[in-house]
Amino acid sequence: MKYGFFLGCNVPAVRPDVERAIRLTMPALGAELVDLEGSVCCPAFGAFPSADETAGLAVSAWNFSIAEEMGVDLVTECGSCYSSLRIARKKLLEDGEKREAVNRLLKPAGKSFSGTVAVRHIIDVLYNDVGTETIRGALKFPLEGVNATVQYPCHTLFPSEIVGFDSPPGRPRMLQELVEALGATVQTYSRELQCCGGAGGFTKGSFAGASEFAFKKLDAMKKETDAELIVVSCITCLEHMDRMQNEMNKKNGDSACAFPVFDYNQLLAVCMGFDPSQVASISTIPRDGLIARITRS
Amino acid sequence: MTDLTNINTALWREITESCGDIRKCFNCNTCVAGCPAAEGSPPLLIRNLVRKVLLGLEEALLEDETPWLCVTCSACEEMCPMGVHPFEVCLAIRRWQSRNDETFIPAAISEIFETGHTQALGQVREKRRAVGLDEVPPTIVKFPELLEKFREMLRNTDIVRDNEYMFKD
Ligand code: SF4
Ligand code: SF4
């Protein structure tokens, strides 16, 4: 198992502890990661795809050409990168004219797109290639008696024809089973499948509306579960669920909403015994108490 | 009553060039019912945007900022019973707006032109070192000669060629 690790922009800059957790856990579970040297922004939907489609496809194809030369599929944690690259690949494969235009753009840089490599989300790789048995066998600190909720990255669900790997698309279960493999109990709740709302321009363009949207989800989680943490597998979900709890507490003038939020690989890394100060050190809602409990320190 | 004296009858062609066939939209509202950004103020109402395009309401569309609220979740894309591809319509409207009014062109594009990324990956050395990572990630920020080639490529795209002043070396 060998994959090209697609970093994107946010993970390496905003939450490098997630990058560290991925770089430590995946090879330890038999999934070798190689760097895609010279990769660029996926590009984000709000960038080139919102202004010039051919330019956007050329930027995606730049990334594909690196993985194609190395003969590896790309794996990414970021939901937006995953979806943007999957959609771009489909368009490039289906539209010969676009593909030619893009290859003309790439040519002077000595690059080309042929469509020989796939894009995988890290949940897909963890569940289908690594497997929950391997994960169970690698744990130093299983999560006994811990209740969690999961946040499915919307970009890995819809459009299911292009991005889907879980089934049925309307009732995904892989992230839940991965968290259960760590020993935790996953509790579902009414707004579980509501997206986090953090991607795109919603928060920027309509902060009040976007906050209320997130608060509804957090309220439901508080009322309907005894969760002690939220597990995500997307950098946007990670940042947004963390930030919005802070906003909700500011609005209510309390600190009642305080679910620690973990990227799956961060939680996995802590359970595998990797140093929490490297794999889970950056957050708004403190995670230290829970980490200390998990590692019995 | 909607004023139809000043319409662009070819608007739907300009926009649907790169998305689904919006003529199939039968106004069912499914795309709005499941849309996070429909809870914005003002709300993003994809169904209404499709109407604006079909009616050729060019001026109204050029003033409408709601397509930029989209969170890119693609729930509408999954649920639309007519294969209109509402999310693709949303992006296609943004592109049309960007072509017709340069103030719509997202700043993220010039950031990507300048650095290859939407984040300053070269300026987080300490943060990365603290978690045991290489200070500079192995992306294009580490390879200035590649960044030059990347910009060369982008200079040949319409968006950069037509708006040169926005893109600095
Ligand atoms: S992709 Fe955009 S328009 Fe469609 S449901 Fe999601 S936020 Fe709404
Ligand atoms: S879901 Fe599809 S058919 Fe229904 S209103 Fe939206 S775009 Fe039109």
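Predicted model: local features only at pLDDT ≥ 70, side-chain atom pairs only at ≥ 80, totals over all residues.
**Largest cavity**

I then looked up the volume of the largest cavity, which is about 120 Å³. Its lining has 14 residues, and I noted those closest to the centre: A:Pro49, A:Leu57, A:Ile87, A:Ala88 and A:Lys91. I sorted the lining by type and got 7 nonpolar, 3 polar and 4 charged residues. For the whole structure I counted 5 cavities of 30 Å³ or more.

**Second largest pocket**

I turned to the pockets. The second largest pocket holds about 500 Å³ of space. I found 22 residues in its lining, and the closest to the centre are A:Lys90, A:Lys91, A:Ile162, B:His85 and B:Glu88. Which elements give two or more residues to this lining? In chain A they are helix H3 (53-70), H4 and helix H8 (160-163); in chain B, helix H5 (75-79). H4(A) has the largest share, with 4 residues. By type, I noted 11 charged, 6 nonpolar and 5 polar residues in the lining of the second largest pocket.

**Largest pocket**

The largest pocket came next, with about 1,300 Å³ of space. Its lining has 44 residues; A:Gly198, A:Ala199, A:Gly200, A:Gly201 and A:Lys204 are the closest to the centre. I listed the elements that give two or more residues to this lining: from chain A, helix H1 (10-14), helix H4 (79-94), helix H10 (202-205) and helix H12 (235-252), and from chain B, helix H7 (107-115). H12(A) gives the largest share, 5 residues. The lining of the largest pocket divides into 21 nonpolar, 17 polar and 6 charged residues.

**Ligand 1**

I checked what surrounds ligand 1. I wrote down B:Cys35, B:Pro36, B:Leu44, B:Ile46, B:Cys70, B:Val71, B:Thr72, B:Cys73, B:Ser74, B:Cys76 and B:Phe87. How many residues of this shell are nonpolar, polar or charged? I got 9 nonpolar, 2 polar and no charged residues.

**Sheet in chain A**

I traced an open sheet of 4 strands in chain A, in the order S2-S1-S3-S4, with parallel pairing. Why do S2 and S4 each have one side without a neighbour in the sheet? Both S2 and strand S4 (119-121) of chain A stand at the edges with a single partner strand, so one side of each is left open in the sheet.

Then I went through the pairings. Strand S1 (residues 2-5) and strand S2 (residues 32-35) of chain A pair in the parallel sense over 4 bridges. S1(A) also pairs with strand S3 (residues 73-76) of chain A, in the parallel sense, over 3 bridges. A:Gly4 has a bridge partner in S2(A), A:Val34. In S3(A), the partner of A:Gly4 is A:Leu74. I also found A:Tyr3 opposite A:Asp73 in S3(A).

**Helices on the sheet**

Last, I looked at which helices lie against these strands. Helix H2 (residues 16-28) of chain A lies across S1 and S2 of chain A and runs at about 130° to S2(A). H4(A) packs on the sheet and touches S3 and S4 of chain A. The direction of H4(A) makes about 155° with that of S4(A).

Technical notes: Residues numbered from 1 in each chain as written. Chains lettered and ligands numbered in written order. Heavy atoms only, no water. Near = heavy atom within 4 Å. Nonpolar A, V, L, I, M, F, W, Y, C, P; charged D, E, K, R; others polar. 1 Å grid on protein atoms, 1.4 Å probe; cavity = no way out; pocket = protein on both sides within 12 Å on 5 of 7 lines; lining within 4 Å. Points joined across faces, edges and corners; volume = space filled by probe spheres on them. Pairing = 2+ DSSP bridges. Contact = heavy atoms within 4.5 Å. Axes fitted to C-alpha atoms, helices over the stretch in contact; angles between N-to-C directions.
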